[in-house]
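Please examine the sequence and the three-dimensional structure below before reading on.

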Amino acid sequence: MPLLMQSQSDDDQYVLVATLDNARNLSNILKAIAFKDHALFTATPNGLKVTVEDSKCLQANAFIQAAIFQEFTIKEDLVGLQINLTVLLDCLSIFGGSTVPGMSTALRLCYRGYGHPLTLFLEEGGVVTVCKINTQEPEEPIDFEFCSSNVTNKVILLSESLKEAFSELDMTSEVLQITMSLSQPYFRLSTFGNAGSAHYDYPKDSDMMELFHCTTTQTNKYKMSLLKPSTKALALSSKVSVRTDSRGVLSLQYLVRNDDGQICFVDYYCCPDEEVDDE
């Protein structure tokens, strides 16, 4: 491939070089967090983390491990940049995002460092396109201080069952209430919309539930407007881990397989809705 055969001397000027035989393995995972225009890219020797935030109450992170790339070269311990995610996704699909068997868009992503644009070399069928995307001063992401030692409750569900729940609940509701309890209903999703209250319960021995771990009964409400972006990740995923900590902060971790069957993770963190009184 022409773009993957660039001379090593070209690479010397870059602090980050990453190549993919199939650009869809990057674009699909980025679509799962594309609910705001701007994203923070953080590269380490372990791979690439892309962060999108909204209203200081919602954060989404997509993790693409270094092993997923055909080449992943980084010359610094950490490389951070902020770019327009919408523009990046447009560039990645510049050849139309071909789904023709045997035809894929190859990607070479290069970054010279602070103040320089992010350069994409895209090649399909012998045609090479070069895109340069202006970078911005990276902003410090919110630290939700969500750590495993503070997790009080956790369930792992097959994604199909969560999709089914959302299809049956009233999405006109302003909030989604999540209840995890030591006794019935164990794990309940509730909405309070135009048609009244609706509940969706999961027995803890359900075939749809891979893990149920509850240390204390907990009920929290989350703004539906903040949770709706995560349905993009849900649509791509096969499993989802639902965790809450002692403050009621919600973590949704989605397991996503790319076109080559490799595993990536997408995390959403959401603050509880504190404006709602106990009913």
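A cavity is a set of grid points where a 1.4 Å probe fits but cannot get out, and its lining residues have an atom within 4 Å of such a point. The model discussed here is predicted. In the whole structure, a search finds two cavities of 30 Å³ or more. The volume of the largest cavity is about 110 Å³. Its lining consists of 16 residues, of which L162, F166, L176, L227 and L252 are the closest to the centre.

Which elements each supply at least two residues of this lining? They are helix α4, strands β11 and β12, helix α5 (224–227) and strand β17 (250–257). Strand β17 gives the most, with three residues.

Two of these contributors, β11 and β12, belong to a sheet. As a general rule, the strands of a sheet pair through backbone hydrogen bonds, either parallel or antiparallel. Here four strands form an open sheet in the order β13-β12-β11-β15, and their pairing is antiparallel. Strands β13 (196–202) and β15 (218–223) are the edges, each pairing on one side only. From one strand to the next, the twist averages 20 degrees. Six bridges join β11 (residues 175–180) to β15 in the antiparallel sense, and M180 stands opposite Q218 in β15.

Helix α4 (residues 159–168) can now be placed relative to this sheet. The helix lies across β11, β12 (187–193) and β13, and runs at about 165 degrees to β13.

Attention may next turn to S238, a residue of strand β16 (residues 237–245). Is S238 buried, partly exposed or exposed? Its relative accessible area is 35%; because buried means under 20% and exposed means over 50%, S238 is classed as partly exposed. Although S238 and L158 are 80 residues apart along the chain, their C-alpha atoms are separated by 6.1 Å. Beyond residues up to four places away in sequence, S238 touches L157, L158, S159 and L255.

The last topic is the nonpolar interior. In soluble globular proteins, nonpolar side chains tend to be buried together. The largest nonpolar core in this model holds 73 residues, and those that touch the most other members are L26, L30, L120, F187, L189, V266 and Y268. Helix α3 (residues 85–92) gives the most to this core, with five residues. Apart from its neighbours within four places in sequence, L30 is in contact with F41, V50, L85, L88, L89 and L92. A second, separate core has six residues, among them I142, F144, F146 and V249.

Terms used
Residues numbered from 1 in each chain as written. Predicted model: local features only at pLDDT ≥ 70, side-chain atom pairs only at ≥ 80, totals over all residues. Heavy atoms only, no water. Pairing = 2+ DSSP bridges. Axes fitted to C-alpha atoms, helices over the stretch in contact; angles between N-to-C directions. Contact = heavy atoms within 4.5 Å. Buried < 20%, exposed > 50% of the residue type's maximum accessible area, 1.4 Å probe, protein only. Core = buried A, V, L, I, M, F, W, Y, C linked by side-chain atoms within 4.5 Å. 1 Å grid on protein atoms, 1.4 Å probe; cavity = no way out; pocket = protein on both sides within 12 Å on 5 of 7 lines; lining within 4 Å. Points joined across faces, edges and corners; volume = space filled by probe spheres on them.
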